[in-house]
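Here is a friendly walk through one protein model, from its overall dimensions down to single residues. Keep the viewer open as you read.

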Amino acid sequence: MKLPIALSNKHIHLSQADLEALFGEGYELTHKKDLSQPGQFACEEMVEVVGPKGSTKMRVLGPVRPESQVEVSLADARGLGIAVPVRQSGDVEGTPGAKLVGPKGEVEMPRGVIVAARHIHMSEEDAEKFGVKDKDVVSVQTEGLRGVVFNNVLVRANPNFKLEMHVDLEEGNAAGVKNGDLVELIK
């Protein structure tokens with residue numbers, strides 16, 4: 001069974017407190033464009049993320065979250081000089097932090113920098129069709145000259161999710177895939 005794949009570039013999710021510290025009291029995110037997952041959107045706002053070796057500007061994704069989180073690739077992490085674990089989104093316990101710089105202020109994030117683990121978003125109906133359930137770990141095959149098998153892919157089934165596999169930009173480029181290509185869940 002096939003599903004679409006999407007490549008995720010470095011980005012940041014902000015808490016309301018950190019958003020206000022970086023952009024000013026009462027600040028609200030400026031919607032730029034909708035993302036594939038319902039309710040998620042890219043923002044006009046950019047934040048500089050600073051590590052011991054370097055810094056990089058990152059797009060903010062909305063809506064605000066309970067806790068700020070920076071998602072980078074392994075190469076981005078090396079450029080920042082931060083040893084970053086591969087984690088599922090939201091699993092930031094014991095992760096390194098970074099300094100965030102916005103137009104109105106700075107924030108020292110004590111934790112929350114991760115390399116996002118590959119995963120599949122799907123509705124509960126899609127999970128049933130694919131014969132999987134939430135938190136299952138599967139493998140996914142890509143096609144083409146650089147076809148690979150991605151192992152250790154977490155299934156995230158939720159009624160609000162749209163069917164799509166997410167990998168970071170490095171993984172997608174290594175496999176020779178682009179947004180919207182179809183890949184096969186092989187369990």
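For a chain of 187 residues, a compact globule would have a radius of gyration near 16 Å, and the protein has 17 Å, which agrees. Please keep in mind that this is a predicted model. Along the principal axes, the C-alpha atoms fill a box of roughly 50 × 35 × 30 Å. The accessible surface of the protein is about 9,400 Å², and carbon and sulfur atoms account for 50% of that area. As for the interior, 45% of the 187 residues count as buried. If we take the contacts between residues at least 6 apart in sequence, 65% of them join residues at least 24 apart.

The protein holds four helices and 15 strands. Six of the strands form a closed barrel, in the order β1-β14-β11-β13-β12-β15, and the pairing is mixed. From one strand to the next, the twist averages 45 degrees.

| Strand pair | Sense | Bridges |
|---|---|---|
| β6 and β10 | parallel | two |
| β7 and β10 | parallel | two |

**Around β10 and Gln69**

Let us turn to strand β10, residues 113-116. Val113 and Val115 point one way from β10, while Ile114 and Ala116 point the other way, and all are buried. Strand β10 has a parallel pairing with β6, in which Glu71 has Ile114 as its bridge partner. It is also joined in parallel to β7, residues 86-87, where Arg87 stands opposite Ala116.

Gln69 belongs to β6, which covers residues 69-71. Why does Gln69 count as buried? Its relative accessibility is 2%, and the cut-off for a buried residue is under 20%. What does the side chain of Gln69 reach at 2.7 Å? The answer is the backbone nitrogen of Gly90. The Gln69 side chain also makes a polar contact with the side chain of Glu71, at 2.7 Å. Beyond its neighbours within four places in sequence, Gln69 is in contact with a set of residues that includes His11, Ile12 and His13, as well as Ser89, Gly90, Asp91 and Val92. Met109, Gly112 and Ile114 are also among the contacts of Gln69.

Back in β13, have a look at Ala157. This residue counts as buried because its relative accessibility is 14%. Setting aside residues up to four places away in sequence, Ala157 touches Met122, Ser123, Ala127 and Asp134. Ala157 and Lys135 are 22 residues apart in sequence, and their C-alpha atoms are 7.6 Å apart in space.

Asp126 sits in helix α3, residues 124-130. With a relative accessibility of 15%, Asp126 counts as buried. How far is the C-alpha atom of Asp126 from that of Gly26, 100 residues away along the chain? The two C-alpha atoms are separated by 39 Å.

Conventions
Residues numbered from 1 in each chain as written. Predicted model: local features only at pLDDT ≥ 70, side-chain atom pairs only at ≥ 80, totals over all residues. Heavy atoms only, no water. Pairing = 2+ DSSP bridges. Axes fitted to C-alpha atoms, helices over the stretch in contact; angles between N-to-C directions. Rg over C-alpha atoms; globule rule 2.2 N^0.38 Å. Buried < 20%, exposed > 50% of the residue type's maximum accessible area, 1.4 Å probe, protein only. Contact = heavy atoms within 4.5 Å. Areas by Shrake-Rupley, 256 points an atom, 1.4 Å probe, with all protein chains shown as cover. Polar contact = N/O pair within 3.5 Å; in protein donor to acceptor, adjacent residues only side chain to side chain.
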